Amino acid sequence: MSAVRQFAYKGMQVTHLSGAFGSKVSLRKMSTNSKPVLYSFWSSSCSWRLRIALALKGIDYDIKATSLSKTANEHVYTSEYREVNPMQKVPSLKIDGHTLCDSVAIMHYLEETRPQPPLLPQDPVKRAKVREIVELICSGIQPLQNITVQEHLGNDLGLEFAQHWIIRGFQGLEKVVSQSAGKFCVGDELSMADICLVPQVRNARRYKIDLSPYPTVVRLYQEVQEMEAFKSTHPSTQPDCPPEFLKK
């Protein structure tokens with residue numbers, strides 16, 4: 001037997017199915033429109049960083065919950081989703097008649113097509129520094145601790161592996177941002193660097209990392225906690241967030 005629970009979310013019909021095989025979330029459009037469609041998983045840091053960017057840019061969108069869990073045998077590993085994103089990862093974004101994949105590439109597309117408010121500084125050195133921090137996080141830390149790596153290595157080894165690479169990455173990140181930060185990661189301008197830092201700090205907490213050696217990282221994380229774009233897109237606010245993780 002399965003329980004069905006439905007509610008509306010940003011122009012979508014959300015259906016929760018729960019039963020012997022766990023829970024699933026399916027979304028279908030309630031009405032036809034040309035809004036962008038975001039394929040997102042509630043706890044994915046890559047999805048969160050793109051949700052923040054969309055919120056900061058004031059871009060309305062429909063969301064399609066797309067599970068990353070291979071063990072749940074859900075959306076991301078289907079042939080249908082492979083047509084959306086050949087790498088079978090999230091996020092993906094359908095926008096302007098195109099389907100784009102990879103959160104960093106999509107953020108740059110949004111910056112180029114919808115430049116206000118800016119997510120990159122005008123100063124070329126500061127702009128390069130933002131990109132440095134983005135790549136440090138998005139290439140040097142996050143991929144080594146994501147859920148696909150965890151499932152491949154197994155619970156115990158996966159946790160140790162993730163903790164090692166987060167700690168190593170945060171040692172470098174702390175030094176970089178301690179030299180570049182003002183109010184935000186690079187000076188006093190909110191940027192892609194802050195968008196990427198916040199979800200990664202949440203990841204570090206999930207993996208039980210002691211953050212006391214990284215005071216600048218923690219300060220920058222706390223700086224944006226009350227900003228609406230970060231609060232409204234938090235994993236706990238997402239339609240596919242399991243009940244046990246709400247408000248966490």
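1. Naming of elements. Helices (H or I, at least four residues) and strands (E, at least two) are DSSP runs, numbered from the N terminus. The protein has 9 helices and 7 strands under that scheme.

2. Basis of the values. The model is predicted, so local features require a pLDDT of at least 70 and side-chain atom pairs count only at pLDDT 80 or more, while totals for chains, interfaces and linings use all residues. Residues are numbered from 1 along each chain as its sequence is written, and side-chain values use heavy atoms, with hydrogens and water left out.

3. Overall packing. Of the 248 residues in the protein, 48% are buried (buried means under 20% relative accessible area, exposed over 50%, and partly exposed in between, with a 1.4 Å probe and protein chains only). Among contacts with a separation of 6 or more, 62% join residues 24 or more positions apart; contact means heavy atoms within 4.5 Å.

4. Cis peptide bonds. Most residues other than glycine have a negative phi, and most peptide bonds are trans. Two cis bonds deserve attention here. One runs from Val90 to Pro91, with omega near 5°; Pro91 lies in the loop between helix H2 (79-84) and strand S6 (92-95). Val90 is placed in that loop as well, and it counts as buried because its relative accessibility is 8%. The C-alpha atoms of Val90 and Ser44 are separated by 7.6 Å, although these residues are 46 residues apart along the chain. The other cis bond links Gln116 to Pro117, with omega near -10°, and Pro117 belongs to the loop between helix H3 (103-113) and helix H4 (124-138).

5. Positive phi angles. Which values of phi do Asp96 and Asp102 adopt? Asp96, which is not a glycine, has a positive phi of about 55°, and Asp102, also not a glycine, has one of about 85°. Asp96 is found in the loop between S6 and strand S7 (98-101), whereas Asp102 lies in the loop between S7 and H3. Asp96 counts as partly exposed because its relative accessibility is 41%; Asp102, at 45%, counts as partly exposed too.

6. Helix H3. This helix is mostly covered, with 8 of its 11 residues buried. The buried residues include Ser103, Val104, Ile106 and Met107, and also His108, Tyr109, Leu110 and Glu111. They pack against helix H1 (45-57), S6, S7, H4 and H7.

7. Helices H6 and H7. Two packed helices are described by the angle between their axes and the distance between the axes. Axes are lines fitted to C-alpha atoms, for helices over the stretch in contact, and angles run from 0 to 180 degrees between N-to-C directions. Helix H6 (residues 155-180) packs on helix H7 (residues 192-206) at an angle of about 140°, with the axes 11 Å apart. That angle makes H6 oblique to H7, since angles under 35 degrees count as roughly parallel, over 145 as roughly antiparallel, 65 to 115 as roughly perpendicular and the rest as oblique. On the H6 side, Ile166, Phe170 and Leu173 make the contact, meeting Leu197, Gln200, Val201, Asn203 and Ala204 of H7. By class, these residues are 6 nonpolar, 2 polar and no charged (Ala, Val, Leu, Ile, Met, Phe, Trp, Tyr, Cys and Pro count as nonpolar, Asp, Glu, Lys and Arg as charged, and the others, Gly among them, as polar).

8. Helices H7 and H8. The axes of H7 and H8 cross at roughly 115° and come within 9 Å. From H7, Leu197, Val198, Val201, Arg202 and Arg205 take part, and from H8, Val217, Leu220 and Tyr221. This contact has 6 nonpolar, no polar and 2 charged residues.

9. Aromatic pairs. The structure holds 5 aromatic pairs; rings of Phe, Tyr and Trp (its six-membered ring) pair if their centres lie within 6.5 Å, with planes under 30 degrees apart counted as stacked, over 60 as edge-to-face and the rest as tilted. Phe170 and Tyr214 form an edge-to-face pair, 5.5 Å centre to centre with 80° between the planes. Phe170 lies in helix H6 and Tyr214 in the loop between H7 and helix H8 (215-223), so the pair ties together parts that are 44 residues apart in sequence. Phe170 is buried at 0% relative accessibility, and Tyr214 is buried at 5%. Elsewhere, ring pairs link Phe41, Trp42 and Phe245 into a cluster.
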